[in-house]
Amino acid sequence: MAGIWQALINQPTFNTSTMFLLTDGRVMVQEEAQKHWHALTPDSNGCYLNGTWSTLKDMSFWRRYYASGVLKDGRLIIIGGEQSGDVSDTNKGEIYDPVSDTWSSIPSPPGWPILGDAASCILPDGRLMIGALLTSNCIIYDPVADSWTPAASKAIRSNEESWVLLPDNTIVTTQCFAPFQSEKYIISSNMWKNEGPLPVMIVDPVMHEMGPGMLMYNGKVIFFGAANDHGRGKTVIYTLPAFPTGTGAWTTGPDIPPVGDHPIVSNDCPAALMPNGKVLFTGANFKVNDWGSPVLFFEYDPASNTIAQSPTAPNNAMFPYPQFPGLYWSRMLLLPSGQVLFSASSKNIQCYTPDGGPQEAWRPTISSVVPHGSPTPDYYLLKGTQLNGLSQASMYGDDCANATNYPLVRLRNTLTNHVYYCRTYNFSTMGVATGASLQSVRLNVPNIPYGEYDLCVIANGISSHCVSFCYRPAPCYHRKKADSCGCHQQPCCCHEETCCDDARRSDPAVTELRDQVKRLENSMSRFESLIRGEAGVAQPKEKHSDEDKEK
């Protein structure tokens, strides 16, 4: 059973480009060939289909096809650009701060006159590594120190490669230039090693393009091919070794099925790992030294090791420039809802809702949510496992990277069912599939009504089981002895009678209900006093004649 496509209710008024998921739940979208950015905010039910648009701050100049990623502190880094308002293959970069809605420039890599559409990956410690276009050099940017450090060099240039972060803190990729083999970067020892030849050709040797790579929930990696091999697009699957310095194993994956007798390839295009474990990816008909169109959709199912064509999005042939159609205009983004946004860089965005759901083992878990600061917390510290998910989950061939391996926190008001996203930052790691190790994230609660909420953490569209969260202006404590739960002198929950009034004061409905209860209690108290003869001293009441009553 396949998923369904639905159009956004409020479509953008601009041609879209690369999309990013901000840590407060908004979708940040670049305007095609412009320095302008916009934000799609979900509605009060957490629905992106009915989301609304707002304008964000412009970056310094427009750019297209660049290295990028969300940092540990929740900011977004963008550097380079194959095409831009600066120069071709610019080496300039900047960072967007969603709190202040500002861009700030960062130093260019020293000794790198061009950067362009560099391959890139956010490392587990939060640094950004990029590869050079024309040499085998690599370099790492530290956002805390705001400085660059040379990294180990690859065997060959990294241009057009898809870098996949693995659970053992390594990065695997397939080479897009001869000898068309594979390499792996071992982060702890700062070294690249040969990972062996591929069983089939997946790189287009003329265009030197490849499709996206994706770490899946079974722990294996699939790379989708751009080469036409005897009328079929090919895939390869990588199995990790037992230890990081070992050599993994490559096997041939299923062919991409042809459509209308046309071979289908996946070159320079996106993929998303859906909560059901399947990989949604794009493809198009093979063309010599060019990109095919329109955009077609496929799902790889690792359980059956098969690829099947998916329903076609209605906007699959809508391109920003009709005279230049091509698969490379495709953009996807995995949402916290588990849905996938798609646009071919047009004014039309479609949302794919997959079938099925995640396995329990794939979910993040919550161990604790603790306020920091008193009397009003300046942030909350959430601890749990698998907070970053088990994969980068949202991938591209090389230069439109928008990985979503970081935790988001969603609140649902138990009274109104309204949904709010907290802003998350200071992730303890940017690693994937961190297992049973306890990880943490800071979160700021938005301006929401005080009350009781269900709180869950989301990674790559998969939600944890929710925990109860009482949001109040300041901690309040039980004034009675410990009850059966042993919560003496612990912050009380909003529904408990021993809670201070401030926890409920801001909700008008709760305030009115509380006032009605108080009035009823006062009336009952006066009535009981009258019965017991405990009423106050009788006071003469102003008399009115019958005529006065009739007026």
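Visitor: Which strand supplies the largest share of the lining of the second largest cavity?

Guide: This is a predicted model in which local features need pLDDT of at least 70, side-chain atom pairs count only at pLDDT 80 or more, and totals for chains, interfaces and linings use all residues. Residues are numbered from 1 along each chain as its sequence is written, and side-chain values use heavy atoms, with hydrogens and water left out. A cavity is a set of points on a 1 Å grid over the protein atoms alone where a 1.4 Å probe fits but cannot get out, and lining residues have an atom within 4 Å of a point. Strands are DSSP runs (E, at least two residues) numbered from the N terminus, and the largest share, three residues, comes from E34.

Visitor: What is the volume of the largest cavity?

Guide: The structure holds two cavities of 30 Å³ or more. A volume is the space filled by probe spheres set on the points, with grid points joined across faces, edges and corners. For the largest cavity, the volume is about 210 Å³.

Visitor: Which residues lie nearest the centre of the largest cavity?

Guide: Strand E7 (67-70), strand E12 (120-122) and strand E34 (394-396) each supply at least two residues of this cavity's lining. Of the 22 lining residues, those nearest the centre are Ser120, Cys121, Gln392, Ala401 and Ala403.

Visitor: What is the volume of the second largest cavity?

Guide: Its lining includes Pro270, Arg331 and Tyr396. Strand E25 (270-273), strand E29 (331-334) and E34 each supply at least two residues of that lining. The second largest cavity has a volume of about 40 Å³.

Methods: 1 Å grid on protein atoms, 1.4 Å probe; cavity = no way out; pocket = protein on both sides within 12 Å on 5 of 7 lines; lining within 4 Å. Helix = DSSP H or I, 4+ residues; strand = E, 2+ residues; numbered from the N terminus.
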